[in-house]
Amino acid sequence: MLKQRVLTALVLLMVLLPALFYTQPEPFFLIAAVFIAAAGWEWARMNGLSMSLSLVAGCVCVLSCLWMWWTGVLVDAWPRVWLLTGTFWVLGGAWMLKAGVPAWSRVARPVRLLLGLLALCLTWLAVVQARLLGINFLLSVLALVWMADIGAYFSGRALGGRFTRRKLAVSISPGKSWEGVWGGMAGVILMACVWRYADTANGASTPSFYSLLGERGWGFMVVAVVFMAAMSVVGDLVESLVKRSAGVKDSSALLPGHGGVLDRVDALLPTLPLAMVLVSF
């Protein structure tokens with residue numbers, strides 16, 4: 001399993017890194033659209049569609065992305081769209097986690113399917129616009145999610161249950177603890193401060209997410225990154241809830257050793273649009 005995970009990670013890096021750092025952003029746009037199509041297929045499968053209809057759902061995702069690309073909306077500012085998307089994630093995510101697994105299965109299947117595919121397409125638009133703002137900006141948002149996950153893993157293993165006996169969401173993801181969440185938030189705050197300092201010290205040609213937040217003060221930056229870390233947890237838990245409703249452990253087996261594409265990008269679904277909200281106003 002470990003060899004599979006390492007090999008898959010290396011292959012993904014060999015594909016993603018050259019596209020990300022290429023002088024033109026188009027290769028990255030295309031690869032991101034392929035991943036979104038795969039996630040759309042997984043979403044349809046988890047919501048009870050047949051293999052053929054799930055493939056159609058994946059095609060709808062990639063065609064929607066290509067349509068946005070072709071019509072030129074990528075370079076337009078969409079502050080109201082991001083605000084609406086972010087608000088939906090905050091309120092909808094809170095409702096889903098409060099209502100629990102049984103409530104999700106009672107939502108009409110077409111509604112579930114549409115919401116998921118729309119969220120995926122908007123995530124593609126958000127990551128593309130983040131790339132257009134600069135590699136430094138996009139990497140700083142991605143790193144926030146990674147740090148929240150890494151910090152939560154290690155602090156949860158070391159301190160889980162020592163200060164709060166009640167689990168974070170025992171019916172959805174029994175292994176997650178509040179100590180893990182706090183550890184992830186602490187790691188994100190530290191990283192944001194270091195990244196912003198590095199931007200200033202090195203005279204970064206394009207600002208990071210943290211430098212843009214810091215223009216409104218250190219306090220605003222800290223509150224914003226803590227909120228983003230919390231929403232990355234929401235994205236992770238929402239996908240876990242959907243998997244429990246579907247009775248599956250992973251969204252698919254497309255990424256050997258890692259599960260499916262949705263398993264890797266779940267925390268990005270709310271955080272990328274919310275990052276665009278925070279820098280759009």
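1. Basis. The model is predicted, so local features need pLDDT of at least 70 and side-chain atom pairs count only at pLDDT 80 or more, while totals for chains, interfaces and linings use all residues. Residues are numbered from 1 along each chain as its sequence is written, and side-chain values use heavy atoms, with hydrogens and water left out.

2. Packing of H3 on H6. The axes of helix H3 (residues 51-71) and helix H6 (residues 109-133) come within 10 Å and cross at roughly 35 degrees, where axes are lines fitted to C-alpha atoms over the stretch in contact and angles run from 0 to 180 degrees between N-to-C directions. Helices here are DSSP runs (H or I, at least four residues), numbered from the N terminus. The contact (heavy atoms within 4.5 Å) is made by Ala57, Cys61, Ser64, Cys65, Met68 and Trp69 of H3 and by Leu117, Leu120, Cys121, Trp124 and Leu125 of H6. By class, this contact of H3 with H6 has ten nonpolar, one polar and no charged residues, with Ala, Val, Leu, Ile, Met, Phe, Trp, Tyr, Cys and Pro counted as nonpolar, Asp, Glu, Lys and Arg as charged, and the others, Gly among them, as polar.

3. Leaving aside residues up to four places away in sequence, Trp43 touches Trp104, Arg112, Leu113, Gly116, Leu117, Leu120, Val242 and Leu262.

4. Helix H8. The 25 residues of H8 (residues 178-202) should span 36 Å at 1.5 Å a residue, and the end C-alpha atoms are 36 Å apart, which agrees; the expected span is 1.5 Å times one less than the number of residues. Its buried residues (under 20% relative accessible area, with exposed over 50% and partly exposed in between, for a 1.4 Å probe and protein chains only) include Met185, Met191, Arg196 and Asp199. Their cover includes helices H7 (135-159), H9 (209-214) and H10 (218-246). H8 is followed by Gly203, whose phi is positive, near 60 degrees.

5. Two single residues. Asn202, in helix H8, is exposed, with a relative accessible area of 64%. Gly100, in the loop between helix H4 (79-99) and helix H5 (101-106), is buried at 10%, and its C-alpha atom is separated by 9.4 Å from that of Ala169, 69 residues apart along the chain.

Definitions and conventions: Helix = DSSP H or I, 4+ residues; strand = E, 2+ residues; numbered from the N terminus.
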